[in-house]
Amino acid sequence: MIQECAKFFIFFGAPGSGKGSLAGMCVERLGWRQLSTGNLFRKHISEGTELGNQIDFAIKSGKLVDDEVVVKMVAGWVFENISSTKAIILDGFPRTLVQAQIFMDLLKKDFPNASVSVVKLEISDEKVIARLSSRRTCQKCNAIYSVVKESERGPQVDNVCDSCESILVQRNDDKPETIVTRLEVYHKHAGQLLRFYEQLGVKIETMNVEKTLDKVFENFITLVGDGSDYCKE
Ligand code: AP5
Ligand code: MG
């Protein structure tokens with residue numbers, strides 16, 4: 001059965017703002033679903049699929065993957081997953097006006113009772129550069145860590161994933177020059193996307209994320225709730 005009352009949260013923030021970390025907490029603690037286009041693309045690359053070979057260069061250089069490719073993959077994922085959850089986090093999608101337009105049209109046509117909110121994560125570019133330079137991720141389960149000494153997100157054993165015990169790696173788009181490109185790409189599209197959501201009357205929640213991750217999660221729940229009453233509204 002389709003959960004027509006499903007809520008979509010578009011996590012809208014610069015690379016390194018913490019979209020994946022916060023989404024991971026929502027999945028773990030609230031049982032929500034996360035669609036990370038970046039994670040899906042990296043999986044294709046590591047498995048050497050045809051799509052993976054096609055997008056490898058764009059990801060390595062911090063550029064965007066073709067809108068058409070992204071939208072096709074997202075639509076497939078949504079149709080497959082919407083029935084199994086009441087809230088879906090879109091982590092890293094939509095990233096361009098074209099993606100946003102196609103996605104909103106898809107919802108209107110196929111899931112008219114689903115609702116959408118944008119959660120805007122605010123952080124300075126300086127903080128982003130510091131966070132991404134010290135990020136490590138688990139290649140197997142995508143868990144996200146930080147090697148900053150005092151970080152609450154450090155792994156218990158150096159370079160080993162707490163959840164699945166695989167080795168942690170540095171993403172190959174976390175090189176300084178690629179981080180700069182990714183930030184430029186983000187800022188290039190941000191204003192246009194926000195204006196589009198405003199014109200459509202989509203709710204935009206803004207959060208300062210220059211706080212501990214636990215505090216960010218707490219603020220997020222205060223803003224949007226924990227999902228327990230979503231399907232009753
Ligand atoms: P994607 O994987 O989506 O990368 P991104 O948007 O650049 O974002 P990141 O994953 O780097 O950062 P994040 O916000 O998730 O932060 P995280 O939680 O890891 O996309 C990669 C590439 O795929 C794109 O460049 C593009 O090529 C392609 N792509 C993807 N989607 C696409 C689309 N829709 N269209 C076209 N192309 C697309 O946190 C970062 C670090 O900070 C971690 O170490 C974490 O521990 C730490 N941290 C997080 N929160 C806190 C906190 N509150 N305090 C302290 N440290 C924190
Ligand atoms: Mg991420």
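Trainee: Why is Asn159 called partly exposed?

Mentor: Asn159 has a relative accessible area of 39%. Buried means under 20% relative accessible area, exposed means over 50%, and partly exposed is in between, with a 1.4 Å probe and protein chains only. The value of 39% falls in between, so Asn159 is partly exposed.

This is a predicted model, where local features need pLDDT of at least 70, side-chain atom pairs count only at pLDDT 80 or more, and totals for chains, interfaces and linings use all residues. Residues are numbered from 1 along each chain as its sequence is written, chains are lettered from A and ligands numbered from 1 in the order in which they are written, and side-chain values use heavy atoms, with hydrogens and water left out.

Trainee: What makes Glu165 count as exposed?

Mentor: Its relative accessibility is 64%. That is over 50%, so Glu165 is exposed. Glu165 lies in the loop between S6 and S7, and its phi is near 65°, a positive value in a residue other than glycine. Asn159 is also in the loop between strand S6 (144-146) and S7, with phi near 60°. Strands (E, at least two residues) and helices (H or I, at least four) are DSSP runs, numbered from the N terminus.

Trainee: Why mention a positive phi?

Mentor: Because most residues other than glycine have a negative phi.

Trainee: How do you know that Asp173 is buried?

Mentor: The relative accessible area of Asp173 is 5%. This is under 20%, so Asp173 is buried. Asp173 sits in the loop between strand S7 (168-169) and helix H7 (176-200).

Trainee: What makes the pair Asp173 and Arg171 a polar contact?

Mentor: A polar contact is a pair of N or O atoms within 3.5 Å; within protein, one must be able to donate a hydrogen and the other to accept it, and residues adjacent in sequence count only if both atoms are side-chain atoms. The side chains of Asp173 and Arg171 are joined at 3.0 Å, so the distance is within the limit.

Trainee: Which residues does Asp173 touch beyond four places in sequence?

Mentor: Ile59, Thr178, Ile179 and Arg182. Contact here means heavy atoms within 4.5 Å.

Trainee: What is the peptide bond between Phe93 and Pro94?

Mentor: That bond is cis, with omega about -10°. Pro94 is in the loop between strand S3 (87-91) and helix H5 (97-110). Most peptide bonds are trans.
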